[in-house]
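User: I would like to learn how to read the packing of helices in a model. Could you take me through it step by step?

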Amino acid sequence: MQVDAPDDSPSDAATRLVAQWAAILRVIGAARAGDIARRPPSNAWSAREQLAHLGRYHEIFLDRVARMRREECPRFERYRAEGDAGFDAWLALDAGVVVERTHALRAELIATVLTLTRDEWHRAGVHPVFGEMPVREWMEFFLAHEGHHLYAIFQRIHERGGE
């Protein structure tokens, strides 16, 4: 069976950014505050902490795209939330504020992606594990990473533990 890949373009990436953000909003939209704040017995991040991580990662990713636009193949450190003062600041925010700020950053990311030229879409940056990747592959990485957290948010909200 032949399956065609979606367009390899900034506009396709922007469409996917819109759709995935809408999915996140749907998942959290009907959740109770307790569901968003609850940590599972494993003590993994709550849905609110997952959202804070996504918000902070938008800031990190926007900076990376900006660097790839202006620098020749910049090298990036692997992002780790632990020990990141920026992440700690996001953790201190109410869930509603996290969603609002991330929503604004998402709009900025979509606008940035839509302004990329074809040449910029193919400019590269070096990930410490995945190596040299053009912006278009960084977008795939961003969406896959975010999808992982969307699944975790879904789990946290729907887990009932011992209830």
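User: How do the axes of helix 5 and helix 7 cross, and within what distance do they come?

Analyst: Two packed helices are described by the angle between their axes and by the distance between those axes. In this model, which is predicted, the axes of helix 5 (residues 95-115) and helix 7 come within 13 Å and cross at roughly 155°. An angle over 145 degrees counts as roughly antiparallel, and therefore helix 5 and helix 7 are described as roughly antiparallel to each other. Their crossing is left-handed.

User: Which residues of helix 5 and helix 7 meet?

Analyst: From helix 5 come Arg106, Leu109 and Val113, and they meet Met139, Phe142, Leu143 and Glu146 of helix 7. By class, this contact has five nonpolar residues, no polar ones and two charged ones.

User: How should I read the pair formed by helix 3 and helix 7, and at what angle do their axes cross?

Analyst: The axes of helix 3 and helix 7 come within 10 Å and cross at roughly 175°, so this pair too is roughly antiparallel. Among the residues that make the contact are Leu54, Tyr57 and Phe61 of helix 3, together with Phe142, His145 and His149 of helix 7. The contact of helix 3 with helix 7 divides into 14 nonpolar, five polar and three charged residues.

User: How much space lies in the largest pocket, and which residues are closest to its centre?

Analyst: The largest pocket holds about 330 Å³ of space, and of the 15 residues that line it, His53, Arg78, Tyr79, Arg80 and His145 are the closest to its centre. Helix 3 (47-70) and helix 7 (135-158) are the elements that each give two or more residues to this lining.

Conventions: Residues numbered from 1 in each chain as written. Predicted model: local features only at pLDDT ≥ 70, side-chain atom pairs only at ≥ 80, totals over all residues. Heavy atoms only, no water. 1 Å grid on protein atoms, 1.4 Å probe; cavity = no way out; pocket = protein on both sides within 12 Å on 5 of 7 lines; lining within 4 Å. Points joined across faces, edges and corners; volume = space filled by probe spheres on them. Helix = DSSP H or I, 4+ residues; strand = E, 2+ residues; numbered from the N terminus. Axes fitted to C-alpha atoms, helices over the stretch in contact; angles between N-to-C directions. Parallel < 35°, antiparallel > 145°, perpendicular 65-115°, else oblique. Left-handed = near helix turned anticlockwise from the far one by under 90°. Contact = heavy atoms within 4.5 Å. Nonpolar A, V, L, I, M, F, W, Y, C, P; charged D, E, K, R; others polar.
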